[in-house]
Amino acid sequence: MKPGRWSSLGLVLTLVPVSSMAMGGGLVTDPFSTLHGLPSAPGVLWQGETQLPPLPKVAPAAEDWAGRDWTLAELTAYALGHNPQTAAAWNGLRAQAAALGVAESAWLPTLTLSTPISRRQAVSTAGFSVPVRNSVSPNLTLSYTLWDFGLRRAKVDAARAQEWVAGFTQNQSIQAVAFSVAQAYYQVLGDRALLLADRQTVAEQEKNLEAAELLHRAGRATIGALYQARAALAQARSTLAAQEQTLRASQGALAAALGLAPSTAIGLADLRLEAPPPPGLAEAAETLMQAAEKANPTLQESRAQLAVAEANVRSTRAAGLPSLAVSGNYGYQFQNGFAPGDTWGLGLTLTVPLFTGFNRHYQIRQAQAQADQAAAQLRQSQSTTLAQVWQDYHNFQGALASYPGARSSLENAEKALEVVRAQYRVGQATIQDVLLAESSLAQARYTLIQKLVSSYVALAQLSQAVGMPLGEAQP
């Protein structure tokens, strides 16, 4: 090839994407190995490598929880300070308070210091080099928004309303934790009372079996009656074993509500069957509903959400209006070979949004629709709150109304069992009569315990719905 022909030739370099490079006879479809560790089939559990933060260590409780009997008030106070739910809500409120500070900072000017440092040298095509030039140019810039048609004020109002939302969210968390402690507390008391009742039933069935054996040996009872007494005792022991596990489960729920390990043993006083139910309420349902409209944190949060949405509408509208800002800067330059020099500037900047492709138009429509949605949610929250108070009020009244009947049923069942046992000893009643009376007595005990516990739980639930404590809640 002649040298002159080189001018008519060119070198073409084509860059092939890495994703389509041939490698080992195939295409490189995953250069970063993102598929590594994924399951081989849809039904295979994922066990990929992770770098999750470690779980917090559960510190041992400083109190001797099993050393004395704790009251509901003491347990609730401890839970409010140690349950993670209240801690998370409190930190959320603190974060939103800081966000309000961020919004408020827009009313202050900003001051920025920048100091470019450079070193330059140029070489000409003729081989001459320009001396190295070092320069330092500190520059101070001040800027402040003079007028923005209410944009900053609307953002501050929205941030303050968000702080209200976080505050009412914390109040909800406090009430939720208090109710969970009360519910678990009453459940433990009820389960312990049921356990004692089951133990009493086992003891009574053991006495029945002894009596059946004596009568059978004396020829005054059939073998069938003996078998029935044994079956009743076995059933009572089975019920007792199951209730022991139920009590352990409720004790774990109470410990978890306090922020403790579920295995923590907590000392509580026994529930006395002769204890009266909580006192009735002097307030009517309508009065409690009016109180809920002012105190229920869920309803107040909905009101705050509406305030946030309305402030966002004002903020979105103001963002599309002109704004006026003032700015100034001062700089000083140090450069080798030259005398130091300073520069300064002062000016006003008027920003007028002319056309944004209807972006602002749809943002305003979106904000207004969200405000309408928040208003509808407020009405729904109000309706739900009032309905909940009404329902919880009558549930509580129903629990109180059913308690005297349950007390009377227990007293009569105890007397009936005494009569049937006396008749059984002299042969005037059968083992079936005794077992039936035993069953009626056990059922009467269960009913009274459930009515007593239900009355306290219903009062606690009504207090949560209203948003304020109601009456005494300690059996």
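Leaving aside neighbours within four places in sequence, which residues is Asn296 in contact with? They are Thr385, Gln464, Ala465, Val466 and Gly467, where contact means heavy atoms within 4.5 Å. This is a predicted model, in which local features need pLDDT of at least 70, side-chain atom pairs count only at pLDDT 80 or more, and totals for chains, interfaces and linings use all residues. Residues are numbered from 1 along each chain as its sequence is written, and side-chain values use heavy atoms, with hydrogens and water left out.

**Asn296**

- Asn296 sits in the loop between helix H5 (285-295) and helix H6 (297-319). Helices (H or I, at least four residues) and strands (E, at least two) are DSSP runs, numbered from the N terminus.
- Asn296 counts as buried, because its relative accessibility is 6%. Buried means under 20% relative accessible area, exposed over 50%, and partly exposed in between (1.4 Å probe, protein chains only).
- The Asn296 side chain reaches the backbone oxygen of Ala465 at 2.6 Å.

**Nonpolar cores**

- A nonpolar core is a set of buried Ala, Val, Leu, Ile, Met, Phe, Trp, Tyr and Cys residues joined through side-chain atoms within 4.5 Å.
- The largest nonpolar core has 62 residues. Leu75, Val181, Leu254, Leu258, Ile266 and Leu268 have the most contacts inside it.
- At least two residues of this core come from each of helix H1 (72-82), helix H3 (151-217), helix H4 (223-257), helix H7 (359-425) and helix H8 (431-466). H3 gives the most, with 17 residues.
- Leaving aside neighbours within four places in sequence, Val181 touches Leu72, Leu75, Thr76, Ala79, Leu254, Ala257 and Leu258.
- A second, separate core has 15 residues, including Leu281, Ala292, Val389 and Ala458.

**Nonpolar surface patch**

- Leu111, Leu113, Leu140, Leu142, Tyr330, Tyr332, Phe334, Trp344 and Leu346 make a nonpolar surface patch of about 1,000 Å². Patches are made of residues with over 30% relative accessible area and no salt bridge; like charges are joined within 9 Å, nonpolar side chains (Val, Leu, Ile, Met, Phe, Trp, Tyr) within 5 Å. Accessible areas come from the Shrake-Rupley method with a 1.4 Å probe; for residues, only the protein chains shown count as cover.
- Strand S3 (110-114), strand S6 (139-147), strand S7 (323-335) and strand S8 (341-351) each give two or more residues to the patch. S7 gives the most, with three.
- Tyr332 is found in strand S7. Tyr332 is partly exposed, with a relative accessible area of 31%.

**Salt bridges**

- A salt bridge is a side-chain nitrogen of Lys or Arg within 4 Å of a carboxyl oxygen of Asp or Glu. The count by this rule is nine.
- Asp148 and Arg152 pair at 2.9 Å, N to O. Both residues are buried.
- Asp157 and Arg160 pair at 3.8 Å, N to O. Both lie in helix H3, three residues apart, about one turn of the helix. Asp157 is partly exposed at 24% relative accessibility, and Arg160 is partly exposed at 26%.
- Glu104, Asp157, Arg160 and Arg314 are linked in a network of salt bridges.
- Glu438 and Arg421 pair at 2.4 Å, N to O. Glu438 lies in helix H8 and Arg421 in helix H7, so this pair ties together parts that are 17 residues apart in sequence. Glu438 is buried, at 2% relative accessibility.

How values were computed: Polar contact = N/O pair within 3.5 Å; in protein donor to acceptor, adjacent residues only side chain to side chain.
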